[in-house]
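Please look at the structure shown below, and keep it in view while reading the paragraphs that follow.

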Amino acid sequence: MAGSNPNAKPMNLTLKVWRQKNRISEGGIVDYKVKDISPDMSFLEMLDVLNEDLLRQGQEPVAFDHDCREGICGSCNLFINGRAHGPEQGTTTCQLHMRKFSDGDTITIEPWRAEAFPINKDLSVDRSAFDRIIQAGGYVSINTGGTPDANEIPIPKDIADRAFEAATCIGCGACVAACKNASAMLFVSAKVSQLALLPQGHVERKTRVENMVAQMDKEGFGACTNIGSCAAECPVGISLENIAILNQEFLSAKATSNNLA
Amino acid sequence: MVLDSKLPEGPIAEKWEKHKFNVKLVNPSNKRKYDIIVVGTGLAGASAAASLAELGYNVKAFTFHDSPRRAHSIAAQGGINAAKNYQNDGDSIYRLFYDTVKGGDYRSREANVYRLAQVSVNIIDQCVAQGVPFAREYGGLLANRSFGGAQVSRTFYARGQTGQQLLLGAYSALSRQVAYGKVKLYTRSEMLDLVTVDGQARGIITRNLLTGEIEQHAAHAVVLATGGYGNVFFLSTNAMYCNATAAWRAHKKGAYFANPCFTQIHPTCIPVSGDYQSKLTLMSESLRNDGRVWVPATKETAERLRKGEINVNDIQEADRDYFLERKYPAFGNLVPRDVASRNAKLMCDEGKGVGSTGLAVYLDFADVIKRTSAEAVSQKYGNLFDMYAKITGENPYERPMRIYPAVHYTMGGLWVDYNLQTTVKGLYATGECNFSDHGANRLGASALMQGLADGYFVIPYTIGDYLASTPPKPVTTEDPAFAEATAAVQSRMQQLMSINGTRTPDDFHKKLGNLMWEYCGMSRNAEGLRFAKQEIQKLRQEFWSDLKLAGTEMEMNQALEKAGRVADFLELGELMVDDALDRNESCGGHFREEYQTPEGEALRNDDEYAYVAAWEYQGDNQPEKLNKEELTFENVKLTQRSYK
């Protein structure tokens with residue numbers, strides 16, 4: 001075995017898993033036991049073990065979203081023991097490993113809970129609201145071709161680095177799940193600041209922030225009350241500074257533009 | 001059918017320019033009368049969908065993910081090549097072209113590769129204009145780093161997340177067109193068949209993954225940007241959902257499949273830790289810029305290390321074998337991927353492997369940390385080091401990483417001509433889904449380049465040539481071909497659901513993966529391949545008689561989705577074996593043990609095998625027909641690749 005603790009023994013665990021047939025049916029917690037879980041398994045590999053067992057018994061496996069299992073695609077989204085992506089700081093569910101748990105533990109697994117993220121089935125939720133927010137303005141309006149040479153506009157390294165930090169948001173929705181108001185401010189602010197920091201994004205900065213905030217409100221996300229649980233639970237460390245930038249961008253847009261009523 | 005690659009005449013540097021002038025154009029007011037389906041929203045798909053919509057075409061974009069941004073391009077780490085020569089170190093379009101043809105072990109088309117190198121410079125301009133935050137120097141200009149198989153620094157990057165930043169750029173361009181109403185986006189929709197009418201691609205059949213409904217979509221042309229088939233091996237660095245179904249279904253409808261045995265085994269992945277393993281994680285090739293690859297110099301030391309009698313950091317310099325630096329002094333740790341992978345395997349075969357399984361070598365950063373600082377290393381590779389620590393529970397700043405080769409990319413794919421059109425008229429393939437640019441081995445940081453080249457700068461020109469000769473009349477799903485394809489898809493779903501056996505889709509997938517890795521992986525031989533072929537046929541029969549599923553096909557059913565993909569892998573796997581058997585030579589990622597130089601390097605046979613193997617489907621359980629496209633090299637001289 002590869003882990004830091006090669007002598008760690010396999011674990012037996014009790015899982016309390018949210019099961020829900022589809023978007024309209026009622027859901028509930030169902031208890032399962034899993035045995036011989038290696039501490040070197042990822043959390044999702046532990047769920048694979050459960051699902052293989054269920055399927056062999058002719059029962060429906062637990063539906064959950066996942067894909068890259070490298071912490072970058074943003075698909076996985078489990079609320080584990082009351083925390084978005086579980087107990088380890090700065091980690092997506094797929095990168096959480098079972099060595100963070102102990103033999104005999106009971107683990108509660110739920111989907112993201114937010115009005116704007118309806119449940120599809122079991123642990124899978126609909127996050128298309130995020131796509132619609134990006135469609136409202138999360139881009140630079142240029143077509144393919146005809147762009148200037150990439151080195152034509154020098155960008156100070158610290159600005160480029162800050163824009164990069166904001167741009168690393170994986171769109172998983174943990175910020176919404178962690179927020180008591182189910183606010184999407186951290187997600188929206190990450191894109192707004194990335195493009196506000198870079199010269200390429202300056203042309204449309206006013207309309208962008210107004211349109212994206214309007215769409216966020218329309219989707220039914222809650223208001224931001226500056227608690228900061230979003231940033232605390234963000235698996236890629238998107239900073240609260242971005243929300244400050246968004247507020248500044250929004251106020252300055254509202255004060256100076258007549259783009260929106 | 002004679003394969004016509006439609007290569008333009010003239011000197012290589014002028015071919016693309018000339019071709020762009022010669023292709024037919026669709027006038028701006030007619031473009032809105034054409035519908036184009038793009039399947040897949042990774043780099044190749046999102047860039048194509050956005051660019052075609054910007055031109056005025058009506059685009060329908062499909063992804064089986066919940067959002068276009070989840071496509072596996074997002075996970076590419078190291079960077080993207082471009083012949084900008086910003087570093088003043090002797091790079092040029094010609095050099096990128098030359099390196100790519102050589103790196104591909106002379107099994108790619110010169111004209112395609114030259115075009116790729118030409119448009120590479122536009123890609124960087126495009127991405128910067130979109131707001132992609134590439135790494136920069138203090139003066140504010142773009143930074144570069146080196147990658148395997150090249151002696152210049154031409155790789156642009158965004159820390160270890162270049163794929164993410166490029167995909168989010170393409171996703172933003174796509175999102176803008178969705179907002180304009182020029183792209184209609186279908187998420188959680190999986191393509192399960194291609195519809196052809198009179199030999200022309202006319203649409204696709206999809207399954208809505210939330211409701212199970214089977215849907216029909218018609219268009220004037222179809223673009224497949226559905227990625228590679230590395231998950232045939234079960235364990236790979238591909239994402240869990242990556243699959244070959246769309247390409248394979250198109251293959252069964254007439255699109256030839258080219259060089260299926262050309263798969264890339266990436267040298268630096270985190271080794272397998274147990275049989276529960278669901279996927280493998282790559283450690284970017286960029287790490288080989290600063291990391292040094294080694295194993296203990298003797299079997300005895302390696303054995304003591306594996307038993308835990310000694311610690312890795314106790315092994316003295318003299319007792320270490322930096323085998324890549326020793327064998328390839330010119331390129332050292334930056335030899336191409338196939339060479340690095342094979343040498344790692346060789347060391348492990350000799351009993352010098354490390355880790356509890358003995359299937360790993362070290363990638364050591366002690367030198368660079370000493371030379372600069374842990375902080376400087378973290379600046380460059382922080383996210384990769386963190387990922388390694390999370391997965392293994394070990395700190396790579398304090399002890400070397402353990403790495404081992406893993407399946408990473410597939411150079412083979414749907415055969416396409418210079419226009420990226422497959423052997424089915426009106427059906428195009430872009431990105432990893434096609435076979436065109438990487439020959440028998442892809443160089444690092446060239447996948448992102450090809451995906452975006454195809455989508456932003458090739459298909460927008462070449463698809464017009466076809467559409468201009470297609471009447472701009474509305475297309476519908478009324479043709480009986482749609483009903484037939486729909487019925488076939490439905491009956492297949494029902495068939496899968498009704499087997500009611502005892503084994504899960506993953507069980508079959510793992511068995512197939514083991515066979516492929518063992519007999520059609522890093523090294524192959526005729527005897528093993530013949531054995532694998534029989535075993536795959538048996539496994540396929542077992543699949544169709546002993547598969548176990550639950551629930552119904554008319555709801556979200558992830559096991560059913562998986563089963564359909566595994567069924568296709570079970571067919572494609574056999575074709576990969578056939579192709580590997582046919583190719584009696586070693587080249588790039590295809591290493592046949594019978595054909596090697598005295599030093600153990602790949603031994604090509606240019607006289608007999610300088611061709612693209614394009615396989616033509618002949619019906620279920622029938623041997624496929626081999627068609628050959630001869631490769632001619634007018635600009636690059638075929639030599640034994642040397643990185644010494």
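In strand β2 of chain B, B:Ala61 is the bridge partner of B:Val38. This pair belongs to the parallel pairing of strand β1 (residues 35-39) of chain B with β2(B), which extends over five bridges, where two strands pair if DSSP finds at least two bridges between them. Helices (H or I, at least four residues) and strands (E, at least two) are DSSP runs, numbered from the N terminus. The model is predicted, so that local features need pLDDT of at least 70 and side-chain atom pairs count only at pLDDT 80 or more, while totals for chains, interfaces and linings use all residues. Residues are numbered from 1 along each chain as its sequence is written, and chains are lettered from A and ligands numbered from 1 in the order in which they are written.

Together with α3(B), the strands β1(B) and β2(B) form a right-handed β-α-β unit, right-handed meaning that, with the strands pointing away from the viewer, the path from the first strand over the helix to the second runs clockwise. β2(B) is also joined, by four bridges and in parallel, to strand β6 (residues 183-186) of chain B, and here B:Lys60 has B:Lys184 as its bridge partner. Because four of the five residues of β2(B) (residues 58-62) are buried, this strand is largely enclosed by the rest of the structure; a residue is buried if 20 or more other C-beta atoms lie within 10 Å of its own, exposed if 12 or fewer, and partly exposed in between, with C-beta atoms placed from the backbone.

Elsewhere in chain B, an unreviewed UniProt entry places the feature "active site" at B:Arg337, although such annotations may be inferred rather than shown by experiment. B:Arg337 lies in helix α10 (residues 337-349) of chain B and is buried, with 27 other C-beta atoms within 10 Å. Leaving aside residues up to four places away in sequence, B:Arg337 touches B:Gly148, B:Gln264, B:His266, B:Pro267, B:Asn441 and B:Gly444, contact being defined by C-beta atoms, placed from the backbone, that lie within 7 Å.

The contact between the two chains takes 68 residues from chain B and 73 residues from chain A. Among the elements that give two or more residues to the chain B side are α3 (43-55), α6 (162-180) and α17 (558-582) of chain B, and α6(B) gives the most, with nine residues.
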